[in-house]
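Take a moment with the sequence and the 3D view before reading on. Then follow the chain from its overall form down to single side chains.

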Amino acid sequence: MKYIIGAYASAPSLKSNDKLLEDEFYNKLINSIPQIMGLEIPFFGMEIHKFGSDFLLNYINPEWNNILTCIPGVMENLSKNPHFGLASDNYSGRLNALDMYKRANELCHKICDLYGDNSIIAVQIVTAPSVPVEGVSSSRESLLKSMEEILFLDWRDSKIVIEHVDSCGPDLNFEKGFLTLEDEIEVLLKLSNIHNVGITINWARSAIEGKNSDKPLEHIKLALKYNLLSGLIFSGTSKDDENYGSWSDSHMPFAESYDVDNFESNSLLTYENIFNTLKLIDLKHLDYLGIKLLSETSDMDRRVGLNKDAIYILENIISELQLLN
């Protein structure tokens, strides 16, 4: 099995400006995980790395199938303009978001020109803005308008995939607070007969939405029901943890399974929860499976080890499921 690695969440550059440390991290990571299918490449609105796009592009293997996620750029823009987003009912906020995705499209072309059309298999978009925020509104109608414009662009061979993040629950608590999965699916169903579109489930973000470990299963079943499940990314969260918070979108690593060295005891990404998630899916029909994990320590071996051990856990659970079938 090959996997997408959201390496940028583990990388030293989140807190460091040391290019040598960043170089060491990517070299060690790539050499430690032969099962890499590709990277989850973060688009920050202009570049894909704080040291410039070319810095990260130098580590891309021409044989990889990567995905491009636009959520870093969305969150950066939302911090300045709460109306920013593809689903925004605010005209300028929606147009500003479309402008950002047009820049993502240009970057997609740059990567495909370098490494071939299969180098970006999916572009992950999100349904900002955050609601409820005072004076801010979003809707399916606004998202549909934006999607029609986005899908008019040439994305080479990339699938446009909505990366579902948590929507606001009845308690009005949320991390991102974007559209519900039901709303996102309703919009995609209006487009899926003509366009190559889908849904990606991030395990933690669904768990955060439901404040439980069952919500990711519900979301996966719903996406499967409408034949829209494209990707699954395992990122963790916790009910309560000193470093990773309470129901926080902090990319918490896996819990301990199979006696691995690198894990987080309070993580909800337990053996049982991962097993129950993966048994719902026929992996042959999934475009990509991956991980996105953050290390709260600066230790290089742990940064790499958290990713390596997570893949080891997934490999073992997948093998067990294959034996059961």
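This is a predicted model: local features need pLDDT of at least 70, side-chain atom pairs count only at pLDDT 80 or more; totals for chains, interfaces and linings use all residues.

The chain holds ten helices and eight strands. Its radius of gyration is 18 Å, close to the 20 Å that the globule rule gives for 325 residues, so the chain is as compact as a globular protein of that length. Along the principal axes, the C-alpha atoms fill a box of roughly 50 × 40 × 40 Å. Of the 325 residues, 58% count as buried. Now look at contacts between residues at least 6 apart in sequence. Of these, 75% join residues at least 24 apart.

Next, find strand 8, which spans residues 288-291. Which strands pair with strand 8? Strand 1, residues 3-5, runs parallel to strand 8 and is joined to it by two bridges. Strand 7, residues 229-234, is also parallel to strand 8, with four bridges between them. Ile291 of strand 8 makes a handy landmark. Isoleucine 5 stands opposite isoleucine 291. Phenylalanine 234 stands opposite isoleucine 291 as well. To get from strand 7 to strand 8, the chain passes through helix 9, residues 271-278. This β-α-β crossover is right-handed.

Are the faces of strand 8 covered or open? Both are covered. Tyr288 and Gly290 are buried on one side, and Leu289 and Ile291 are buried on the other.

Now turn to the packing of side chains. In soluble globular proteins, nonpolar side chains tend to be buried together. Here, the largest nonpolar core has 94 residues. Which of them touch the most other members? They are Met147, Phe234, Phe254 and Leu278. Apart from this core lies another, of seven residues, among them Ile67, Ala122, Val161 and Tyr288.

Pick out Phe254 and see what surrounds it. Leave aside its neighbours within four places in sequence. Phenylalanine 254 is then in contact with residues including Phe234, Ile274, Ile291 and Leu314. Its partners also include Glu264 and Ser267.

Finally, go to helix 6, residues 181-189, where aspartate 183 has its place. Is aspartate 183 buried or exposed? Its relative accessibility is 18%, and the cut-off for buried is under 20%, so aspartate 183 counts as buried. What does its side chain meet? A polar contact of 2.9 Å joins it to the side chain of arginine 140.

Conventions
Residues are numbered from 1 along each chain as its sequence is written. Side-chain values use heavy atoms; hydrogens and water are left out. Buried means under 20% relative accessible area, exposed over 50%, partly exposed in between (1.4 Å probe, protein chains only). Two strands pair if DSSP finds at least two bridges between them. A crossover is right-handed if, with the strands pointing away from the viewer, the path from the first strand over the helix to the second runs clockwise. A polar contact is a pair of N or O atoms within 3.5 Å; within protein, one must be able to donate a hydrogen and the other to accept it, and residues adjacent in sequence count only if both atoms are side-chain atoms. A nonpolar core is a set of buried Ala, Val, Leu, Ile, Met, Phe, Trp, Tyr and Cys residues joined through side-chain atoms within 4.5 Å. Contact means heavy atoms within 4.5 Å. The radius of gyration is taken over C-alpha atoms; the globule rule is 2.2 Å times the number of residues to the power 0.38.
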